[in-house]
Amino acid sequence: MSVIIGPYRLSDEFFQKRKLRNRCDGGRCNGDCCAEGVFLTRYDARRIVAVGDALQPYLAEPYDFAQWDFTRSSFMETPVLHRNTSHEQCWFLMRNRHCAVHKYALDRGIPVQDLKPYFCRLFPLSLVDIEINVMELTIDPKAFDTCLVEADEETWVYELLESDLRAAIGDEWYEDLKRRTTDSPARGQWKSSSR
Ligand code: SF4
């Protein structure tokens, strides 16, 4: 049962109680989710290539941004270093397992959202679909192999992922979600807005 909140449809995974915790909370991310790289919109790619030279000192190995071909497709991917080996990783993952694009933005005082790829900012959430009036969000399956690990206690998934949902749908819609959840006679039972 997905739930519509304003212009967003949230998948039923958010409205389950699960014994899960996010092991990356508190800045303890080890970059496992960056092992395969990520899709880039052309807009993401253009913003990154514009700072390509300045990004080089952050990278584990230099990257030739001239390889990016903007003429062939609307979606691109981050380059992958050590492809098809056990050390495969996004080329932008630094030796300390933090993101070079994110660090570069912080160092230069650039808002991270202005430079970091869209799907990296959304993770551990992911986009299922975009319709004219609704954007559907779910949990990226990769999150269950990386940051979301077993916990002792059950918790509502939308509460566990509160900060990620707030970043994706905004505080106003998250507050609406909370209000409707609190008002619901049995949490997880959704009425007129459910599909
Ligand atoms: S761009 Fe950064 S956050 Fe995204 S996959 Fe690469 S290293 Fe990870």
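Tutor: We'll take the overall fold, then the salt bridges. Keep in mind that this is a predicted model.

Student: Okay, how many helices and strands in the chain?
Tutor: The chain has seven helices and ten strands.

Student: And what does the C-alpha trace span along its principal axes?
Tutor: About 55 × 40 × 35 Å.

Student: What share of the residues counts as buried?
Tutor: 46% of the 195 residues.

Student: What about contacts between residues at least 6 apart in sequence? How many of those join residues at least 24 apart?
Tutor: 62% of them do.

Student: Now charges. How far apart are the mean positions of the positive and negative ones?
Tutor: They sit 1 Å apart, for 26 positive and 31 negative charges.

Student: How many salt bridges in the whole structure?
Tutor: A search finds eleven. Opposite charges on side chains can pair when the charged atoms come close.

Student: Let's do arginine 47. Which side chain does it meet in a salt bridge?
Tutor: Aspartate 44, at 2.8 Å from N to O.

Student: Are they buried or exposed?
Tutor: Arginine 47 is buried, and aspartate 44 is buried too.

Student: Next, aspartate 176. What does it form a salt bridge with?
Tutor: Arginine 180, with the closest N and O atoms 3.5 Å apart. Both residues lie in helix 7, residues 171-183. They are four residues apart, about one turn of the helix.

Student: Why does aspartate 176 count as buried?
Tutor: Because its relative accessibility is 15%, and the cut-off for buried is under 20%. Arginine 180 is partly exposed, with a relative accessible area of 23%.

Student: Which residues do salt bridges with shared partners join into one network?
Tutor: Glu162, Arg166, Asp171, Glu175 and Lys178.

Student: Zoom in on aspartate 171 and arginine 166. How far apart are the closest N and O atoms?
Tutor: 3.1 Å, in a salt bridge between the two.

Student: And how accessible is each one? What are the values for aspartate 171 and arginine 166?
Tutor: Aspartate 171 is partly exposed, at 47% relative accessible area. Arginine 166 counts as buried, at 18%.

Terms used
Residues numbered from 1 in each chain as written. Predicted model: local features only at pLDDT ≥ 70, side-chain atom pairs only at ≥ 80, totals over all residues. Heavy atoms only, no water. Helix = DSSP H or I, 4+ residues; strand = E, 2+ residues; numbered from the N terminus. Buried < 20%, exposed > 50% of the residue type's maximum accessible area, 1.4 Å probe, protein only. Contact = heavy atoms within 4.5 Å. Lys, Arg positive; Asp, Glu negative; His and termini not counted. Charge placed at Lys NZ, Arg CZ, Asp CG, Glu CD. Salt bridge = Lys/Arg side-chain N within 4 Å of Asp/Glu carboxyl O.
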